[in-house]
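Open the model in your viewer and keep the selection tool at hand. The stops below go strand by strand, then out to the ligand and the domains.

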Amino acid sequence: MTEFSLASYANKPLAECTELELFNALLSLTKDAAAEKGYNQGKKRLYYISAEFLIGKLLSNNLINLGLYDQVRAELAEAGRDLAELEEFENEPSLGNGGLGRLAACFLDSCATLGLPASGVGLAYHCGLFRQSFDKNKQYESPDYWLRWGQESWMRRTPKHYTVNFGNLSVTSTMYQIDVTGYHSQCDTLNLFDVDTVDERVIKNRINFDKSQVAKNLTLFLYPDDSDEAGRILRVYQEYFMVSNAAQLMLDECVERGSNLHDLADYAAVQINDTHPTMVIPELIRLLGERGIGFDEAVQIVRDTCAYTNHTILAEALECWPLSFIERVAPQLVPIIQQLDAFVRGQYEDDFVQVIDQWQNVHMANIDIHFSHSVNGVAALHTKILEDSELAPFYKIYPEKFNNKTNGITFRRWMVECNPGLNKLVSGKIGEGWKTDAEQLEQLLPLADDPAFLAQLDQVKRTNKQTFAAWLAAHQGTVVDPDSVFDVQSKRLHEYKRQQLNLLWAIRKYQRLQMLEADELPKHKVTVIFGAKAAPAYTIAKDIIHAIICLGKVIEADPVASKYLQVVMIENYNVTAAQHLIPAADISEQISLASKEASGTSNMKFMLNGAITLGTMDGANVEIAELVGEDNIYTFGDSSDEVIARYKRGDYNPRSYYEKDEELAAAVDFLTSDAMLAQGDATNLNRLHDELLNKDWFMTFPDFADYCATKAQVLKDYEDREAWQRKALVNISKAGYFSSDRTIAQYEKDIWHLR
Ligand code: 7GP
């Protein structure tokens, strides 16, 4: 193996290099080291097609995976330079928005590490997801020009180009490649497509732009604003562009590896990550047709090749496009989609399972389910809800297609990289084997009775809280107290995730603090930390952000309450922020309305980093609860069965809860109190107040009392530091199941059969 020395990649002494020069030297070194490791190869290859790959910063991740981290850090230190300074310098690629995109990134890491030949396929968005900033206590969005810095060099431009035909416009794509380094193993690649004609100058102000010029704005943004028709059609353009490139690439590569296309399923597995890549099914059928394969055989080949993952049970998130949009974007697919529709109609009468409905809308998930060989949910409860209710008519037709693949996370990023203190403590006790065989973390379990070890665990957490506090102060000037309890809820802002429930708790806590006598005041301050972006057109989500920030200001201005309570909202929450925040958390808030969160993956990251979950029995929380046992998790609220039954009855009335529970009523009404109105905007606060009182679609009120009682218990238990750290230790020990290596091994065994 070559000895890689950073000095040999710089053309002057390291001490004299600018950050950009050092960064570029590191890029070249990493590329060479990856090339030396080589790429996973094999007859059959996975094509993981996804609209999002939320890969996070790559510098440290790559150095760790390539086994170069310590050496490079030492070499830099010798020259008086700090790797942390370069980590700061790196821009985070803005290629995803939440769980689905981050999952795709963890999956690629695990595929590479497990030696599976795999390619991620997606789009090279120029600005990706918006950058969030706060002004007047509200969220503002601006373009995130993550590519401007010389960091395009993580992405190599390849000589691969494809033609994609959109009706009367045809564009030429360029494929870019990012190395996906496996942990002490070979590499895979992430292939991202772009068109050279994209022009950032069409961006007018903030994130508004002229959506009519497709060739100029095709890959500008991830999820362009879909509040108007032009924006919705642009999404269809993006989707078709993505899958047409994916299909052409895959057919080319399979033929190169020896496929005669009739045997395509022996050469390729396609994983359709939610419905955004659905058009790959008709596109493959079309391309196989062009290459001489008849329709029926093509359908069978595609079915044997493709598998579909569902990531949500929110009906409104299941994509459904007017056929007329597809007619405009990819008219060549229309006859194929109509044939698929006729095929289904010939066999099944149920309206629910049709491809094209009576209003000429195309149901993307229905195409996926009929014309792929596997349909999976992402946690046990989620898969069960798909089978029993959301997709029940399909489950009746195809019971053999349905399967569960509980999500996972890569422990290399979510412990080794982000929590060096814990990594050192754990590895010092049980060695390094857990990094590739995560269940070995169970070897820590006997230490639950070792007070000295528990004290060390406590010390690691304390240090992480200090480090986070320093980062937050530098990031946005917010000062938090590392001696307080860090109570964290970080994830996209959505009403079903119920940040508003946590907000109501914080209001109630504030109101109680005002009433307490000095000798009743709590021992530990609580710092409630939120991190969340709201979709630009999602009004109520933005109102919730506004209310959280306003509440933070109200409390801050109160000399007594501010000693015991602080409410903080992290600006521009992203993977980088998560890597600072999660290792510092004491409490992991996973409080979605039961039945609504497909899995959740931050719940796993917090658990691995020793935070204790306060959650509903939803998504993967259910599996966490089974693994750690009831002493080591706090659960509350209505069960998914109760929630589903209440929706069915249709008799939920938030007012009846408001009228029965004085504390709830006081908390809700505080939203529009003088104190809040002095900080915020009456329109937003009134709208949120009315929404909760009159609609509360995600049933915050029925769970409020139980949530408050359970949280009081959590905070009480926090006082016994040793007992608390024992819980943390059990959580860390049992987290092994949630390694994405386990998830990927299951996909491989049950669905892909790459080897
Ligand atoms: C998310 C789910 O909300 C989350 O529960 C799950 O852990 C994650 O996928 C990974 O499976 N869904 C999305 O991020 C999303 O955009 C809409 O879904 C299609």
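Select strand β18, residues 587-590. I587 and E589 lie on one side, S588 and Q590 on the other, and all of them are buried, which here means that 20 or more other C-beta atoms, placed from the backbone, lie within 10 Å of the residue's own. In a regular strand the side chains alternate between the two faces of the sheet. Strands (E, at least two residues) and helices (H or I, at least four) are DSSP runs, numbered from the N terminus.

This is a predicted model, in which local features need pLDDT of at least 70 and side-chain atom pairs count only at pLDDT 80 or more, while totals for chains, interfaces and linings use all residues. Residues are numbered from 1 along each chain as its sequence is written.

Two strands pair if DSSP finds at least two bridges between them. Look for V488 opposite S588.

E589 has L614 as its bridge partner, and Q590 has G615. To get from β18 to β19 the chain passes through helix α21 (residues 602-608), in a right-handed β-α-β crossover: with the strands pointing away from the viewer, the path from the first strand over the helix to the second runs clockwise.

In β19, I612 and L614 on one side and T613 and G615 on the other are all buried. Move on to β20, which is parallel to β19 and joined to it by two bridges; G615 stands opposite T635 there. Helix α22 (residues 621-628) sits between β19 and β20 in another β-α-β unit, which is right-handed.

Show the whole open sheet: six strands in the order β17-β16-β15-β18-β19-β20, with parallel pairing. β17 (565-570) and β20 (634-635) each have a single partner strand, so one side of each has no neighbour in the sheet.

Which residues come nearest to the ligand? They are G99, L100, H311, A598 and S599, out of 16 around it, counting a residue whose C-beta atom, placed from the backbone, lies within 6 Å.

Finally, colour domain 2 (40-57 + 93-407 + 743-752) and domain 3 (439-727): both give residues to the shell around the ligand, so the ligand lies between them. The bounds come from an automatic or database domain assignment.

Definitions and conventions:
Buried ≥ 20, exposed ≤ 12 C-beta atoms within 10 Å, placed from the backbone.
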